[in-house]
Amino acid sequence: MVTTETPPEATASPDGPTRAVGRRFGTVALALAIAVGLLLGYAAGWLTPTLTRPGDSSPEAGFARDMTTHHAQAVQMAMLEWRLGSDREATQIAADIATGQQGEIGVMQTWLKNWGLDPTGSEPVMAWMPDGAESVKDGLMPGMATTAELRQLEASTGRAADILFLTLMIKHHLGGIHMVDAILKLSDNSDVTEAAQRMKNLQQSEVGNMRAALDRLQ
């Protein structure tokens, strides 16, 4: 009787080549979804009727510019979690944040274009908020991760990456909600306030989901 053994290289391990290839294809698919989300965001911005044109130093312009920067970091962190994390729920949350916030970036950048304003302005960061100067720490808007925290996330993998991502993103979302609350008080532009309210509702829901996932993982 002849027996044969399966060569080690033919056995797919959860942490081996098969998983790595799958994650690479998944990353490409997510990148495409983010690109589509951005295009849809631009389209939504173009289709939104512009009844008024806020000025360069208006709260609306400041919010659009600063929240674009804030969202861009969220997308960056979410993509790191998608690539480095291992928990299915945490990586799905990251994918949802990356695609959703990239679409919102498209909307806000289209507002600025429709208003005849540059993507970046001459006003200091958070100058549009009454307490804006006090909320900026080391040049970072509320809730944003520091360079050291981003490097730590980049160096993490698996469960450690999941926990760090969720911890940082909860703080990031709470900072974003603080900014949204400010524009809801300051603006009477319905295009802006309706979009801001949708952002707040979604981020509050995501904070609840992330806290539950973090409790489970810790």
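## Nonpolar cores

A nonpolar core is a set of buried Ala, Val, Leu, Ile, Met, Phe, Trp, Tyr and Cys residues joined through side-chain atoms within 4.5 Å. Buried stands for under 20% relative accessible area, exposed for over 50%, and partly exposed for values in between (1.4 Å probe, protein chains only). The structure is a predicted model, in which local features need pLDDT of at least 70 and side-chain atom pairs count only at pLDDT 80 or more, while totals for chains, interfaces and linings use all residues. Residues are numbered from 1 along each chain as its sequence is written, and side-chain values use heavy atoms, with hydrogens and water left out.

The largest nonpolar core holds 26 residues, and those with the most contacts inside it are Met77, Ile97, Phe165, Leu166, Met169 and Met210. Two or more residues each are given to this core by helix 2 (59–84), helix 3 (88–114), helix 5 (147–154), helix 6 (158–186) and helix 7 (190–217). Helix 6 supplies the largest share, seven residues. A second, separate core has 23 residues, including Ala64, Ala182, Ala195 and Met199. Ile97 has contacts (heavy atoms within 4.5 Å) with Ala74, Ala78, Gln102, Phe165, Met169, His173, Glu206 and Met210, leaving aside its neighbours within four places in sequence.

## Chain overview

The protein chain contains seven helices and zero strands, and its elements run α-α-α-α-α-α-α from the N terminus on. Helices (H or I, at least four residues) and strands (E, at least two) are DSSP runs, numbered from the N terminus. Of the 218 residues in the protein chain, 47% are buried.

Among contacts in the protein chain with a separation of 6 or more, 82% are between residues 24 or more positions apart. The accessible surface of the protein chain is about 11,500 Å², and 57% of it belongs to carbon and sulfur atoms. Accessible areas come from the Shrake-Rupley method with a 1.4 Å probe; for residues, only the protein chains shown count as cover.

## Helix 3 and its ends

Helix 3 has 27 residues and reaches 39 Å from its first C-alpha to its last, close to the expected 39 Å at 1.5 Å a residue. The expected span of a helix is 1.5 Å times one less than its number of residues. Because 20 of its 27 residues are buried, helix 3 is largely enclosed by the rest of the structure. The N-terminal end of helix 3 is capped by Asp87, with a side-chain oxygen 3.3 Å from the backbone nitrogen of Glu89. Just after helix 3, Gly116 takes a positive phi of about 75°.

Gln101 lies in helix 3 and is buried, with a relative accessible area of 4%. The side chains of Gln101 and His71 are joined by a polar contact of 3.0 Å. A polar contact is a pair of N or O atoms within 3.5 Å; within protein, one must be able to donate a hydrogen and the other to accept it, and residues adjacent in sequence count only if both atoms are side-chain atoms. The C-alpha atoms of Gln101 and His71 are separated by 5.9 Å, with the two residues 30 apart along the chain. Leaving aside neighbours within four places in sequence, Gln101 is in contact with His71, Ala74, Val75, His173 and Gln203.

## Aromatic pairs

A search of the whole structure finds two aromatic pairs. Rings of Phe, Tyr and Trp (its six-membered ring) pair if their centres lie within 6.5 Å; planes under 30 degrees apart count as stacked, over 60 as edge-to-face and the rest as tilted. Phe63 and Trp128 are edge-to-face because their ring centres are 5.7 Å apart and their planes stand at 85°. Phe63 lies in helix 2 and Trp128 in the loop between helix 3 and helix 4 (132–135), so the pair ties together parts that are 65 residues apart in sequence. Phe63 is buried at 0% relative accessibility, and Trp128 is buried at 9%.

Trp111 and Trp115 form a stacked pair, 5.9 Å centre to centre with 20° between the planes. Trp111 counts as buried at 3% relative accessibility, as does Trp115 at 7%.

Leu84 has its place in helix 2 and is buried at 14% relative accessibility. The C-alpha atoms of Leu84 and Glu154 are separated by 7.9 Å, although the residues are 70 apart along the chain.

Helix 7 has 28 residues and spans 40 Å from its first C-alpha to its last, close to the 40 Å expected at 1.5 Å a residue. At the start of helix 7, a side-chain oxygen of Asn189 reaches to within 3.0 Å of the backbone nitrogen of Asp191.
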